[in-house]
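Please keep the sequence and the structure open beside the text while reading.

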Amino acid sequence: MTESESRVQAALAAYIEHAEIGGPEPDTSHLSAGELERLRDLIGLLDQTDGIAFGGGERREPSATTAAGAQVIAALRDTLPAPARVTSDPAVAMIAIPGMNVAEGWIVGTFGGRVRVWLLGDEGALEASDRWLEDLARVFRLFPDTAALTLVEPDLSSLLVQPEDCAPTIEVPRGSLVGRRYRRPVHPVGEALSVFLRELIPYWEPMRGISEQSAGTIVDVPPIAQELADKAIEAQVTAGGRARKTNPKRKALTELDDTHAREIARVVLDVHEGRSEPEDVSDVLRRMAASK
């Protein structure tokens, strides 16, 4: 990819984020006339795709034809960021699911995918939801940009359906085949949608730069190893000095010096840096004692 293409792709990504989830308005001042034209062409192609238009025209507020629909939109507005894209769903008039009465619907556009929200016309309609799963698979096949479908009763109880709910799956780790099933419980539409949107667009805390890490976390092993070895040798020499003159260990311990401390420190450093295994330390010390 050339530098020019990279600039256009970066501007397009910024535009999508701005249009879909209310990110900052993209800066195109650094683009050439040709790059701006290329960006407009790409945005035009996106506007022709299924789902929500990417701001090709004036943004319209979502509308409702029923009192329950107005409550759904109000719940969405309470749940979503203010600039989130919500528009009417034309698929409601095109798709018929046996036994499902859909009064009206909307599409919620996010940077992680689109969620269709369908208002059911009957109270208690979700009690018949088990027989809809196989037919709902058609919705996801016809609209592959749909990350989830939220079925809402007039009292705002909702069931969020995902593509994987609509087909048998192999259960891990047993490997058994599990039939179609809803993986999420019935919840108020605002609660169900807000939880799902957090999964689609997780919030990541900014990572602190490595240069800002505290210098105190750096461990300088060689001087620490040498200090501990010196103390160990000093302790052994002291112990040898307290031993009886007839004790054969007295001479061996009192003759330990800085040379032995340096050798022990080297052994510790070899283990720390991977040149030697901890299990080998005893053998190394025996060889050091034998050569004394």
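Helices and strands are named here from DSSP runs numbered from the N terminus, where a helix is a run of H or I with at least four residues and a strand is a run of E with at least two; in these terms, Leu 156 has its place in the loop between β4 and β5. The model is a predicted one, and the protein in it has 9 helices and 8 strands. Of its 292 residues, 34% count as buried, and among the contacts with a separation of 6 or more, 60% are between residues 24 or more positions apart.

**The largest nonpolar core**

- In soluble globular proteins, nonpolar side chains tend to be buried together.
- The largest nonpolar core of this protein holds 22 residues, of which Met 100, Trp 118, Trp 132, Leu 136, Leu 151 and Val 161 touch the most other members.
- At least two residues of this core come from each of β3 (113-120), α4 (133-142), β4 (146-152) and β5 (157-161), and α4 gives the most, with 5 residues.
- Apart from this core lies another one, of 20 residues, which includes Ala 68, Ala 147, Val 152 and Val 189.

- Val 161 lies in strand β5, and because its relative accessible area is 0%, where the limit for buried is under 20%, Val 161 counts as buried.
- When neighbours within four places in sequence are left aside, Val 161 is in contact with Leu 133, Leu 136, Phe 140, Ala 148, Leu 149, Leu 151, Cys 166 and Tyr 182.
- The C-alpha atoms of Val 161 and Ala 137 are separated by 9.8 Å, while the two residues are 24 residues apart along the chain.

**Packing of α6 with α8**

- Helix α6 (residues 221-242) packs with helix α8 (residues 258-272) at an angle of about 135°, and their axes are 8 Å apart.
- That angle makes α6 oblique to α8, and the crossing of α6 and α8 is right-handed.
- On the α6 side, the residues that meet α8 are Val 221, Pro 222, Ala 225, Gln 226, Ala 229, Asp 230 and Ile 233, and their partners in α8 are His 260, Ala 261, Arg 262, Ile 264, Ala 265, Val 268, Leu 269 and His 272.
- Sorted by class, the contact of α6 with α8 has 10 nonpolar, 3 polar and 2 charged residues.

**Packing of α3 with α5**

- Helix α3 (residues 67-79) and helix α5 (residues 189-200) pack with their axes 9 Å apart and at an angle of about 40°, and they are therefore oblique to each other.
- The crossing in which α3 passes α5 is right-handed.
- Ala 75, Leu 76 and Thr 79 of α3 make this contact with Val 189, Gly 190, Leu 193 and Ser 194 of α5, and by class the contact of α3 with α5 has 4 nonpolar, 3 polar and no charged residues.

- Gln 71 has its place in helix α3, and with a relative accessibility of 44% Gln 71 counts as partly exposed.
- Not counting residues up to four places away in sequence, Gln 71 touches Pro 154 and Leu 156.
- Although Gln 71 and Pro 154 are 83 residues apart in sequence, they are 8.6 Å apart in space, C-alpha to C-alpha.
- Leu 156, in the loop between β4 and β5, has a phi near 75°, which is a positive value in a residue other than glycine.

**Two further partly exposed residues**

- Arg 181 lies in the loop between β7 (177-178) and β8 (187-188), and at 32% relative accessibility Arg 181 counts as partly exposed.
- Val 281 lies in helix α9 (residues 281-290), and its relative accessible area of 23% makes Val 281 partly exposed.
- Leaving aside neighbours within four places in sequence, Val 281 is in contact with Val 267 and Val 271; Val 281 and Val 271 are 10 residues apart in sequence and 8.2 Å apart in space, C-alpha to C-alpha.

Key
Residues are numbered from 1 along each chain as its sequence is written. This is a predicted model: local features need pLDDT of at least 70, side-chain atom pairs count only at pLDDT 80 or more; totals for chains, interfaces and linings use all residues. Side-chain values use heavy atoms; hydrogens and water are left out. Axes are lines fitted to C-alpha atoms, for helices over the stretch in contact, and angles run from 0 to 180 degrees between N-to-C directions. Angles under 35 degrees count as roughly parallel, over 145 as roughly antiparallel, 65 to 115 as roughly perpendicular and the rest as oblique. A crossing is left-handed if the near helix is turned anticlockwise from the far one by less than a right angle, and right-handed if clockwise. Contact means heavy atoms within 4.5 Å. Ala, Val, Leu, Ile, Met, Phe, Trp, Tyr, Cys and Pro count as nonpolar, Asp, Glu, Lys and Arg as charged, and the others, Gly among them, as polar. A nonpolar core is a set of buried Ala, Val, Leu, Ile, Met, Phe, Trp, Tyr and Cys residues joined through side-chain atoms within 4.5 Å. Buried means under 20% relative accessible area, exposed over 50%, partly exposed in between (1.4 Å probe, protein chains only).
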